[in-house]
Protein chains: 2
Amino acid sequence: MAVDLELTPKHKRAPGEPCCEPVVYPEVERQEAERMAVVAKALADPVRLQLVDVLRRHAGEVCVCELTPLFDVAQPTVSHHLKVLRGAGIVDSVRRRLWAYYFVRPEALEELSDWLRS
Amino acid sequence: MAVDLELTPKHKRAPGEPCCEPVVYPEVERQEAERMAVVAKALADPVRLQLVDVLRRHAGEVCVCELTPLFDVAQPTVSHHLKVLRGAGIVDSVRRRLWAYYFVRPEALEELSDWLRS
DNA sequence: TACGTAGATCGATGGCGGTTGATCTCGAGC
DNA sequence: GCTCGAGATCAACCGCCATCGATCTACGTA
């Protein structure tokens with residue numbers, strides 16, 4: 001029936017042949033995909049995403065003592081999340097006197113942002 | 001010393017007081033953060049990110065039989081990743097005859113994409 | 001020196017996630 | 001009805017991750 005050919009034109013094949021030619025392929029290379037996956041994984045937690053949101057709205061630095069009380073998690077947990085974000089290159093920090101100040105590195109978000117927008 | 005006041009003007013306080021007023025806050029609500037975190041988590045794997053990349057470059061549907069050979073993982077693994085993406089609302093699928101066809105739901109990426117671009 | 005505080009680290013726990021071989025389901029063709 | 005293929009599901013393994021109490025370190029102050 002002609003209907004079959006219209007629905008799956010590429011899959012008429014002899015028995016034993018591979019099901020279809022590889023006509024599709026990813027344009028993003030594996031290395032790029034791995035880099036973006038690292039950033040996505042760092043953003044894959046509501047607390048971390050809100051931490052980045054706070055830091056992005058402040059061009060300068062934000063003291064950890066202002067970040068900790070914003071969330072319903074203990075202080076070691078916030079510290080852990082900030083460490084994960086730093087490990088992904090999304091934020092960095094400086095220590096001055098008693099306090100630690102975190103700030104965003106916007107370049108780290110560019111690749112994923114561009115890919116999502118494309 | 002005046003230097004101290006310049007470095008941490010907000011942290012001069014009486015003993016026992018909280019370290020600082022909450023002058024910063026996330027603009028993204030927890031619910032939005034949780035929704036975006038779900039999408040980010042779905043993209044937090046190189047195989048899934050490349051799967052989405054392939055599907056986004058095809059306005060229509062792509063047969064699973066074309067997706068599976070693109071990656072160095074077993075068939076159940078690809079099926080699992082597609083299920084994760086479907087669970088996050090990023091893709092959907094239809095079955096016709098023997099084959100399953102997947103396609104992207106671009107709306108699912110909009111919120112995260114807009115937040116990253118903002 | 002002694003004490004208090006900011007924040008990072010440690011250790012333990014419980015749950016989630018990626019992977020795969022085996023199996024199951026469903027449709028097609030003989 | 002039988003067989004075969006596409007793809008989803010199952011079961012199991014293993015490693016990673018979020019969380020938090022306890023502890024540690026560095027600094028400031030009296």
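Predicted model: local features only at pLDDT ≥ 70, side-chain atom pairs only at ≥ 80, totals over all residues.
Which residues in helix 6 of chain A meet residues in helix 6 of chain B?

Residues are numbered from 1 along each chain as its sequence is written, while chains are lettered from A and ligands numbered from 1 in the order in which they are written.

To the opening question: Leu109(A), Leu112(A), Ser113(A), Leu116(A) and Arg117(A) meet Leu109(B), Leu112(B), Ser113(B), Leu116(B) and Arg117(B). Two residues are in contact if their C-beta atoms, placed from the backbone, lie within 7 Å. Helices (H or I, at least four residues) and strands (E, at least two) are DSSP runs, numbered from the N terminus.

Two packed helices are described by the angle between their axes and the distance between the axes. Axes are lines fitted to C-alpha atoms, for helices over the stretch in contact, and angles run from 0 to 180 degrees between N-to-C directions.

Within chain A, helix 2 (residues 30–42) packs with helix 6 at about 105 degrees, with the axes 9 Å apart. Helix 2 of chain A is therefore roughly perpendicular to helix 6 of chain A. Helix 2 contributes Arg35(A), Met36(A), Val39(A) and Ala40(A), and helix 6 contributes Ala108(A), Leu109(A), Glu111(A), Leu112(A) and Trp115(A). This contact has seven nonpolar, no polar and two charged residues.

Chain B can be laid on chain A with an RMSD of 0.0 Å by a turn of 180 degrees and a shift of 0.0 Å along the axis, with copies superposed by least squares on the C-alpha atoms of residues with pLDDT of at least 70 in both. That is the relation of a two-fold axis. In chain B, the C-alpha nearest this axis belongs to Ala40(B), 2.5 Å from it.

How many residues of chain B are in contact with chain A? There are 43 residues of chain B in contact with 43 residues of chain A. Helix 2 of chain B supplies the largest share of the side of chain B that touches chain A, seven residues. By class, that side has 27 nonpolar, five polar and 11 charged residues.

Finally, the DNA. DNA strand D is surrounded by 26 residues, the closest being Pro76(A), Val64(B), Cys65(B), Pro76(B) and Ser79(B). A residue is near a strand if its C-beta atom, placed from the backbone, lies within 6 Å of it. Helix 5 (75–87) of chain A, together with helix 4 (64–67), helix 5 (75–87) and strand 3 (99–104) of chain B, each supply at least two residues of this surface. The largest share, six residues, comes from helix 5 of chain B. The surface near DNA strand D has 16 nonpolar, seven polar and three charged residues.

Terms used: Nonpolar A, V, L, I, M, F, W, Y, C, P; charged D, E, K, R; others polar. Parallel < 35°, antiparallel > 145°, perpendicular 65-115°, else oblique.
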